[in-house]
Amino acid sequence: MRRIESGVVRPGWEAEIEAQGLVYNRTHLPGGEVRSYWREGPFYDFSMAEVQRLEGAVAQLFEMCVAAGDHIVDNDLFDQLRIPPMARPQIRRTWEAEPPSIYGRFDLRYDGEGPPKLLEFNADTPTGLVESAVTQWNWHLFTGQGTDQWNALHDKLVAAWQRNLLKWQRRTGVRPRVHLAWTSEETSGEDRMTVAYLMDTVVQAGYEAIELVVEDIVLDDGDGRFYDPQGRHLDVVFKLYPWEWLIEDEFGPAVLADAARPGGTTWVEPVYKMLWSTKALLPVLWQLFGSDPVLGEFLLPAYFAEDAPTSWRSYVRKPLWGREGANVAIVADGEVLAELPGRYGVEGYVLQEFAPLPDFPGVDGSHHPVLGAWVIDGEPAGLGIRESDGLITDNLSYFVPHTIDHSPPRAARRPRA
């Protein structure tokens, strides 16, 4: 694994990536400066052996998460995970029924030396999909950098919709229409373009896809079911809106009640993803696998804050439901090394062993990558890399493309339409 400053900059690249869906490329800094989220020029290169090692680790981590889910449900650990009581029956039901589930993203610490380490699992509403599946792939094709890229995202997404929706159709006897919903509270365009891209994969899978704003979903007081503004029943809804928000909304109880009834709306991702999208998963995994000589290598020691060893002086404190680094604090030798503000933490914290992100320094300073390894329909599918100046990856990070087995550039090829 290495970071390469290629110096290759495509003419008109900013307009090109926006046309491909990366309309949220311009990052506004607190001081008023605007910079690009996408890094044009540098990239990370991996050997094929490293990619195979990452792929194997992701497959193992997913199996470990399944075992952790079984452990939580079988031992009724919902209180420890701070999961509200009203969600628990539906979590149990969906965990056993296995309704449609499409994607998730493991965030990993990796530097090419030793095994990758799990930082967290974004199992419910991960973003970064457009840049991972589309933008960096077209960059690879156009520039000719590298011989390949770990990027089977698009084909696997189409196949995942086909398999899951056909299973749903056979079970219900109804050919579903799929609504894909985003919240108007997110104004950068990232959520909407993620939904737009996923709509394309649904259509390619052979099903009708309809865009929907979460705030426009209608609950019929008469039958207790959900509809879009045109009066169409919501058969299957992909929601880019986290479950911990959804169940706290005014119509949250109705969502859970309707989903349990025959003919109710099926939500993607399913509510059982609350078992994985919380940082509380980390200490559960450590308890189950930390002592395993093989599987434990993929984990960092982690504990619920109240159970952490009193001798710990270096760790990362993470809120159970935090996002984009908010309320994360790094403590080194008993001193707070870095901390980000935010609105999370009242739900509780976990402490994870402090393993500093690797640094790939360049002429412009430090570069700390986090590897986002995607799972589609439970299988490893590709890689997206976010890079930060500091040790906490936040909403001011960059996205950097990657290659496999870099060699001198070939003749440029035009991207696929």
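**Aromatic contacts**

1. Tryptophan 95 and tryptophan 276 are both buried (under 20% relative accessible area, with exposed over 50% and partly exposed in between; 1.4 Å probe, protein chains only). The model is predicted: local features need pLDDT of at least 70, side-chain atom pairs count only at pLDDT 80 or more, and totals for chains, interfaces and linings use all residues. Residues are numbered from 1 along each chain as its sequence is written, and side-chain values use heavy atoms, with hydrogens and water left out.

2. There are 19 aromatic pairs in the structure. Rings of Phe, Tyr and Trp (its six-membered ring) pair if their centres lie within 6.5 Å; planes under 30 degrees apart are stacked, over 60 edge-to-face, and the rest tilted.

3. For tryptophan 95 and tryptophan 276, the ring centres are 5.7 Å apart and the planes are at 90°, so this pair is edge-to-face. The pair links distant parts of the chain, 181 residues apart: tryptophan 95 belongs to helix α3 (residues 88-97) and tryptophan 276 to helix α9 (residues 274-277). Helices are DSSP runs (H or I, at least four residues), numbered from the N terminus.

4. Trp95 and Trp276 also belong to one aromatic cluster with Phe62, Phe106, Phe121 and Tyr272.

5. Tyrosine 241 and tryptophan 245 have ring centres 5.5 Å apart and planes at 80°, so they too pair edge-to-face. Tyrosine 241 is buried, at 8% relative accessible area, whereas tryptophan 245 is partly exposed, at 25%.

6. The charged end of arginine 39 sits over the ring of tyrosine 398, 3.5 Å from its centre (CZ of Arg or NZ of Lys within 6 Å of the ring centre and within 35 degrees of the ring normal).

How values were computed: Helix = DSSP H or I, 4+ residues; strand = E, 2+ residues; numbered from the N terminus.
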